[in-house]
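Please walk through the contacts and charged pairs of the model shown here.

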Amino acid sequence: MTTKYQQVKQDFLSGRIKGCREFFESNNYPAEAGYCYMILDNFKKAKTQFEIAQKDNIRGHWGLMLLQMMDDKISMAPSYFEVRNFLEIDLDIFMTYFKGDIIQQIIKYSDFMAFYNIECYKFIGRAFWAHNYMPAAMFFLDKAKNNLYKDPELHYLLAYIHYTNKDIKNCIKEIDTCLEILPQYAPAKMLKEKIKNTNA
């Protein structure tokens, strides 16, 4: 059975913010309320909510760091797990709400975050990929490849972008690299079969 919290959270994640901030704030979900305030461009109130949240929620610390990125005044560092657990999800949220200014500030600190978790570039690239911003996705996934060459998913994502760009030669090259690393990687096998059937 879906709880009221789960329903409101799903609404927020889907881009339906109306009523979400009021629910989160009145029901003691400060981290979630903080994100609502960020979407509403009220960073001052977002900070208040994240400060409350950080007492017992790691997202509070992460949220405060995001706000420092907005101000270009970083005085704290993310943990490996914060970057892994929150970066891609948050970029997805901000893309859903078309918050290009926030996204730009976050990715400006990609090298900084990569120092704490080298997969940072992949997470950013995957977020852009999911929203069909392929040139930006390609930029960050290519950057990730310099450090994560043995990651099969990375090569598949690049292969898919090449496929959408009708660059079949580089698509197949990335697929083959992916399957050399992990021969049973199903998405890559399916894409290769699709190319084969198209060209048959």
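Leaving aside neighbours within four places in sequence, Tyr149 is in contact (heavy atoms within 4.5 Å) with His155, Thr177 and Ile181. This is a predicted model, in which local features need pLDDT of at least 70, side-chain atom pairs count only at pLDDT 80 or more, and totals for chains, interfaces and linings use all residues. Residues are numbered from 1 along each chain as its sequence is written, and side-chain values use heavy atoms, with hydrogens and water left out.

Tyr149 sits in the loop between helix 10 (134–145) and helix 11 (152–164); helices are DSSP runs of H or I, at least four residues, numbered from the N terminus. With a relative accessible area of 45%, Tyr149 is partly exposed, where buried means under 20%, exposed over 50% and partly exposed in between (1.4 Å probe, protein chains only). Its C-alpha atom is separated by 9.4 Å from that of Cys178, 29 residues apart along the chain.

A salt bridge is a side-chain nitrogen of Lys or Arg within 4 Å of a carboxyl oxygen of Asp or Glu, and the count comes to 13. One of them joins Arg59 and Asp90, with the closest N and O atoms 3.1 Å apart. Arg59 lies in helix 5 (residues 58–71) and Asp90 in helix 6 (residues 80–96), so the pair ties together parts 31 residues apart in sequence. Arg59 and Asp90 are buried.

Asp151 and Lys122 form another salt bridge (2.7 Å, N to O). Asp151 lies in the loop between helix 10 and helix 11 and Lys122 in helix 9, so this pair ties together parts 29 residues apart in sequence. Both residues, Asp151 and Lys122, are buried. Asp151 and Lys122 belong to a network of salt bridges that also links Glu88, Arg126 and Glu153.

Conventions:
Helix = DSSP H or I, 4+ residues; strand = E, 2+ residues; numbered from the N terminus.
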